[in-house]
Amino acid sequence: MNRKRSARTLDIEENMLHQVQEAPGLSMRSVAHAVGVSRSSVWSFLTENEMHPYHVQRVSTLQPGDNAPRIAFAQWYIEKCVTDLIFPPKVLFTDEASFTSEGIFNTHNAHFRAVHSV
């Protein structure tokens, strides 16, 4: 791959910023390839401009009717653990992927860049 290496100019920096603003989830590799600079140049520029990667975390909102089923499940689980000592290792709790009617959304691979606000 013969990529032209050049010093960061104002045009290149504006192009990098535009790329990230248009698609916050774009990888540094993609930005570097589109602009024609190294990934380390992109990383340095984004860090200098306080643009940090953020990991998407999907959370569920508790509804008023959620309390009773949650308590029932917790009680069932505790009883099951008492009666079957090898039950806990058989249970797999994971947040690795979310399954929706639109498909599977793996949050571990979703990162976005944004300006850090305090």
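Met28 lies in helix H2 of this predicted model. With a relative accessible area of 21%, Met28 is partly exposed, because the cut-off for a buried residue is under 20%. Along the chain, Met28 and Trp43 are 15 residues apart, and their C-alpha atoms are separated by 7.0 Å. Both residues belong to the contact of H2 with H3, which is taken up below.

Helix H2 covers residues 28-35, and Val31, Ala32 and Val35 are its buried residues. These three cover an arc of only 100° around the axis, so they sit on the same side of H2. The face turned away from that buried side carries Arg29 and His33, which are exposed. What do the buried residues of H2 pack against? Their partners are helix H1, residues 10-22, and helix H3, residues 39-48. After H2 comes Gly36, with a positive phi near 90°.

Two packed helices are described by the angle between their axes and the distance between the axes. For H2 and H3 the angle is about 110° and the axes are 8 Å apart. The two helices are therefore roughly perpendicular to each other. On the H2 side the contact involves Met28, Arg29, Val31 and Ala32, and these meet Arg39, Val42, Trp43 and Leu46 in H3. By class, the residues of this contact divide into six nonpolar, no polar and two charged.

The axes of H1 and H3 come within 11 Å and cross at roughly 80°, which makes H1 roughly perpendicular to H3. H1 contributes Glu13, Met16, Leu17 and Val20 to this contact, while H3 contributes Ser41, Val42, Phe45 and Leu46. The classes here are six nonpolar, one polar and one charged.

In soluble globular proteins, nonpolar side chains tend to be buried together. Here the largest nonpolar core has eleven residues: Ile12, Met16, Val20, Val31, Ala32, Val35, Val37, Val42, Phe45, Leu46 and Met51. H1, H2 and H3 are the elements that give two or more residues to this core. The buried residues of H2, namely Val31, Ala32 and Val35, are among its members.

Beyond H3, the chain passes through a loop to strand S1, residues 51-55, and Glu50 is found in that loop. The phi of Glu50 is near 55°, a positive value in a residue other than glycine. Glu50 is partly exposed, and its relative accessible area is 47%. Met51, which belongs to the largest nonpolar core, falls within the residue range of S1.

The protein as a whole has four helices and four strands. Along the sequence they follow the pattern α-α-α-β-α-β-β-β. Of its 118 residues, 17% count as buried. Among contacts between residues at least 6 apart in sequence, 60% join residues at least 24 apart.

Key. Residues are numbered from 1 along each chain as its sequence is written. This is a predicted model: local features need pLDDT of at least 70, side-chain atom pairs count only at pLDDT 80 or more; totals for chains, interfaces and linings use all residues. Side-chain values use heavy atoms; hydrogens and water are left out. Buried means under 20% relative accessible area, exposed over 50%, partly exposed in between (1.4 Å probe, protein chains only). The arc is that of the directions from the helix axis to the C-beta atoms. Contact means heavy atoms within 4.5 Å. Axes are lines fitted to C-alpha atoms, for helices over the stretch in contact, and angles run from 0 to 180 degrees between N-to-C directions. Angles under 35 degrees count as roughly parallel, over 145 as roughly antiparallel, 65 to 115 as roughly perpendicular and the rest as oblique. Ala, Val, Leu, Ile, Met, Phe, Trp, Tyr, Cys and Pro count as nonpolar, Asp, Glu, Lys and Arg as charged, and the others, Gly among them, as polar. A nonpolar core is a set of buried Ala, Val, Leu, Ile, Met, Phe, Trp, Tyr and Cys residues joined through side-chain atoms within 4.5 Å.
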